[in-house]
Amino acid sequence: MQERHGFKSTFGFLMAAVGSAVGLGNIWGFPHKMGSNGGFAFLLVYVILAALCGFVVMVSELSLGRRTGKGAIETYQILSRKFKWLGWLATLSPFLILSFYCALGGYCLKYMVLNFGNLINAGFGTNGLSGDAVFKTFMLNQTEGVVFGLIFVLLTALIVMGGIRGGIEKFCSVGMPALFIMLVIIIIRSCTLPGAVEGLKFMFVPNLQPLKENFLSVLATAGGQMFFSLSLGMGVMITYGSYLDKKKNIHKNAMIILVCDTIVALMAGLAVLPAAFALDPEGKTSGPSLLFVTLQNVFDNMGTVGAVFGIVFYLLVILAAITSSISLLEVIVTHFCDKAAAKGKGDKRKVYSIIAAAAVSVLCILVCLDGMGYSGYWVPGRVLVDGVWQYTATYNDCWLDFFDMLSEGIMMPLGALLMCIMIGYELGPDVIRDEIESHEGHKMHSYGFYKLCVRFITPLLMLLVLGGQIRDFFI
Ligand code: TRP
């Protein structure tokens, strides 16, 4: 049988796992969700949830994957009687996420090109238009949107084709340190702009009022964000865990991934929010406008240097997004590769990568054509009245948001909830401890805490997050 090549080094694994975790969720989602959910209060809830749920689910997924050495679908089939089907949920969701993830990745490609145009004074720059106008024009240009989206899908597929060791590990080992350096450069620039202090105050001055006013909403948003940002509840960490050997310390690595992801989210906040506040003291800190409109305005105002910063910034976002999208595609590809290997069909990775990417492309094209709702395509919650789109729901007003809400808001917390029930009550939490301690010298010091969380605290919080998301969806 074909040998299943896993990660070569712990560093490579960490870069791949942190690469999966650090993505648009950190750079795009975190700052604007923090912006519209009370700043500091959101941060506090987020950190508590990461400790009580994120850590538990991360350790569990990595351990389950390493135990079976198989992708998400097989892992659940091997381990559980009652939750055999759960792997399918975990494999279906990456399609949904990839659809809008690649669309957004494509937008970043476009913006990098745009800033390059500005640098060399070419016609494909912003041509003196405001950030708002540039964004709208791009959203209405469906062909361009689709082309950039598909380029992003293609780049993702090319790396996944190279396999874990030759593709993903190699790319992330170089890409992640590079991303970190670029992020530091952008933070220095952003925090030294006149007026940047307001943004810093907004992030770090304690204010718990929003929690009193709308606790469930903040909890639900922070919970969804936490799952998304840590790449949980979706089979990614099961898949990456299955490529780990017994010598690697899951407990320690899970902690590192969690801490790195949170630090990068905060750093992204520092890169984005002070600049946004400096330029726009009213603090229009929500949605797509933050990353594509507000920041582009910041770069435009800085002249030629601005174009250089723009290129560096969007390149950074593209890197972050690609190291995440490859992890999502890998979930699907691993499943089919394992199946083929079990049937003795040999290494079919390249073919499966292409097929999976083609399937993703279909959904991605839909999201790109919609252009964040600018180009007007039907979504649940939107009706055409006398030629004008009217919204009957507040949340899902374009395909992108709809897929986002479906995956991040419902499928991830649900998947994680069921996984905790499976571990806590069907398999017993000692499966996880045994796996972690299976190599001499590895101790699961937090076992008491883990047991309590996986049985009671995490499922309860998941239920609250789910409830809050569903409520926000329908109201
Ligand atoms: N964590 C990534 C981000 O923050 C997105 C992501 C990658 C993801 N893989 C995932 C989200 C798996 C959920 C599940 O942008």
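Where does the ligand sit? In this predicted model, the ligand sits in the largest cavity. The tour begins there and then moves to single residues elsewhere in the chain.

**Stop 1: the ligand and its shell**

Select the ligand, and then select the residues around it. There are 18 residues surrounding the ligand. The closest are Ala21, Gly25, Tyr101, Phe228 and Ser231. Next, colour the helices that contribute to this shell. The elements giving two or more residues to it are helix H1 (10-21), helix H2 (24-36), helix H5 (86-119), helix H10 (209-229) and helix H14 (304-342).

Now colour the shell by residue type. Ten of its residues are nonpolar and eight are polar, while none is charged.

**Stop 2**

Begin with Gly25, where a polar backbone atom is 2.7 Å from an oxygen atom of the ligand. Proceed to Ser229, which has a polar backbone atom 3.1 Å from a nitrogen atom of the ligand. Finally, select Ser231; here a polar side-chain atom lies 3.0 Å from a nitrogen atom of the ligand.

How much of the ligand's accessible area does the protein cover? On its own, the ligand has 360 Å² of accessible area, and the protein covers 100% of this.

**Stop 2: Ser93**

Select Ser93, which is placed in helix H5. Show its side chain together with the backbone of Leu89. The side chain of Ser93 reaches the backbone oxygen of Leu89 at 2.6 Å. Is Ser93 buried or exposed? Ser93 is buried because its relative accessible area is 1%, and the limit for a buried residue is under 20%.

**Stop 3: the loop between H5 and H6**

Move to the loop between H5 and H6, and select Asn121, which is found there. Phi of Asn121 is near 55 degrees, a positive value in a residue that is not glycine. With 73% relative accessibility, Asn121 counts as exposed.

Now select Asn127, whose place is also in the loop between H5 and H6. Its phi is near 50 degrees, again a positive value in a residue other than glycine. Asn127 has a relative accessible area of 56% and is therefore exposed, as the cut-off for exposed is over 50%.

**Stop 4: Phe138 and Tyr374**

Continue to helix H6 (residues 131-140), in which Phe138 lies. Phe138 is buried, having a relative accessible area of 4%. Select Tyr374 as well and display the distance between the two C-alpha atoms. Phe138 and Tyr374 are 236 residues apart along the chain, and their C-alpha atoms are separated by 9.7 Å.

**Stop 5: Gly39 and Gly199**

Select Gly39 in the loop between H2 and helix H3 (40-68). Gly39 is buried, with 0% relative accessible area. In sequence, Gly39 and Gly199 are 160 residues apart; in space, their C-alpha atoms are 9.9 Å apart.

**Stop 6**

End the tour at Ala276, found in helix H12 (residues 250-279). Ala276 counts as buried, at 3% relative accessibility.

Terms used: Residues are numbered from 1 along each chain as its sequence is written. This is a predicted model: local features need pLDDT of at least 70, side-chain atom pairs count only at pLDDT 80 or more; totals for chains, interfaces and linings use all residues. Side-chain values use heavy atoms; hydrogens and water are left out. A residue is near a molecule or strand if one of its heavy atoms lies within 4 Å of it. A polar contact is a pair of N or O atoms within 3.5 Å; within protein, one must be able to donate a hydrogen and the other to accept it, and residues adjacent in sequence count only if both atoms are side-chain atoms. Accessible areas come from the Shrake-Rupley method with a 1.4 Å probe; for residues, only the protein chains shown count as cover. On a 1 Å grid over the protein atoms alone, a cavity is a set of points where a 1.4 Å probe fits but cannot get out, and a pocket is an open set with protein on both sides within 12 Å along at least five of seven lines; lining residues have an atom within 4 Å of a point. A molecule sits in a cavity or pocket if more than half of its atoms lie within 2 Å of its grid points. Helices (H or I, at least four residues) and strands (E, at least two) are DSSP runs, numbered from the N terminus. Ala, Val, Leu, Ile, Met, Phe, Trp, Tyr, Cys and Pro count as nonpolar, Asp, Glu, Lys and Arg as charged, and the others, Gly among them, as polar. Buried means under 20% relative accessible area, exposed over 50%, partly exposed in between (1.4 Å probe, protein chains only).
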